[in-house]
Amino acid sequence: MSAVHPRRAPGTPSLEMPGAQSFLPKEHSLRALRAAVVTCRGCPLYRHATQAVFGEGDTHARVMMIGEQPGDSEDLAGRPFVGPAGRVLDGALAAAGIPREDVYVTNVVKHFKFTRRGKRRIHDKPTQYEVAACRPWLTRELELVAPEIVVVLGATAAQSLLGRMFRVTKERGVERATPLAPHTFATVHPASVLRAPDEGQREEARQAFVADLQVVGECYRRLRGQVTARVASPA
C-alpha cells in the first residue's frame, strides 16, 4: 500500500517553490527591493516571464492599489498597470478624485504567468502556492509605504490577502480595518471591465468600478481633511 503524503501548505518552502524570503535585500528601502526582485527565483514563474515587475509610486503614498500580477504589457515594460487595464484604472482614479501621484500600485505576484495561444500570451491565474511564495515582496512594500488606504483589486488578490472565503462581488466598495491598512477596500480588477462581452456591459462595469473608487476617494479626502485641520489648528 502506498504511503499517503500530507498536502503541502501554501508558503511552505520546497525545491520547486523556495519562496522569495531569501532573495530579499538587507537594506530596507523600495529602491533596494526593486533592484533585488530581478534575482528572485522563489517560484518557477521567472523562467518564462520577461522580467519581474515591482511596485511603483511614491514611498509615502497614502493609497496602495494591489492587483493580481503584471499583464503582457507590464511584463514587457517592466512597470505595473501600464497596459489597457492600467488605463482603465487611471481613468477611474481621475473620476474618483484620487491623485495618481498619491497612489502606489503593485501586485501580489511579480512575474507574468501566461499560456501561449499562437503568438499571443494569455493571462493564466497564479496558484495559491505561487502567490504565497511571492508574498514577502508585498509584505515589505506594505511595511515601507505604510499606506493609510489599501485597495485590493480582483478575486485572486482579495482572497490571498483577506481570506479564501472573501467574495469581491458581495463586499466590493465596503470599508474595513485590516492588518493591511486602517482603511481597506476591495473591488474588481480593472481588467475585468475590459472582459465584458459588449460595449454596453463594458460601460456598465466601468461605471460600477468608478463607483467603488469614489467611495475610496471620499475616504481619501476625509483623511486629507483631518491632516489639514490638525496642521491649521492653533498650538
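Among contacts in the chain between residues at least 6 apart in sequence, what percentage join residues at least 24 apart? The figure is 74%, where contact means heavy atoms within 4.5 Å.

## Basis of the model

This is a predicted model, in which local features need pLDDT of at least 70 and side-chain atom pairs count only at pLDDT 80 or more, while totals for chains, interfaces and linings use all residues. Residues are numbered from 1 along each chain as its sequence is written, and side-chain values use heavy atoms, with hydrogens and water left out.

## The chain as a whole

The chain holds eight helices and seven strands, taken as DSSP runs (helices H or I, at least four residues; strands E, at least two) and numbered from the N terminus. Of its 235 residues, 47% count as buried, that is, under 20% relative accessible area with a 1.4 Å probe, protein chains only. Along the principal axes, the C-alpha atoms fill a box of roughly 75 × 50 × 40 Å.

## Helix 4 and helix 5

The axes of helix 4 (residues 128–145) and helix 5 (residues 155–162) come within 12 Å and cross at roughly 75°. The axes are lines fitted to C-alpha atoms over the stretch in contact, and angles run from 0 to 180 degrees between N-to-C directions. The two helices are therefore roughly perpendicular to each other (65 to 115 degrees). Val131, Arg135 and Leu138 of helix 4 meet Thr156, Ser160 and Leu161 of helix 5.

## Glu141

Helix 4 also contains Glu141. Glu141 counts as buried because its relative accessibility is 0%. Beyond its neighbours within four places in sequence, Glu141 contacts several residues, among them Leu30, Phe54, Tyr104 and Lys110.

Conventions. Angles under 35 degrees count as roughly parallel, over 145 as roughly antiparallel, 65 to 115 as roughly perpendicular and the rest as oblique. Buried means under 20% relative accessible area, exposed over 50%, partly exposed in between (1.4 Å probe, protein chains only).
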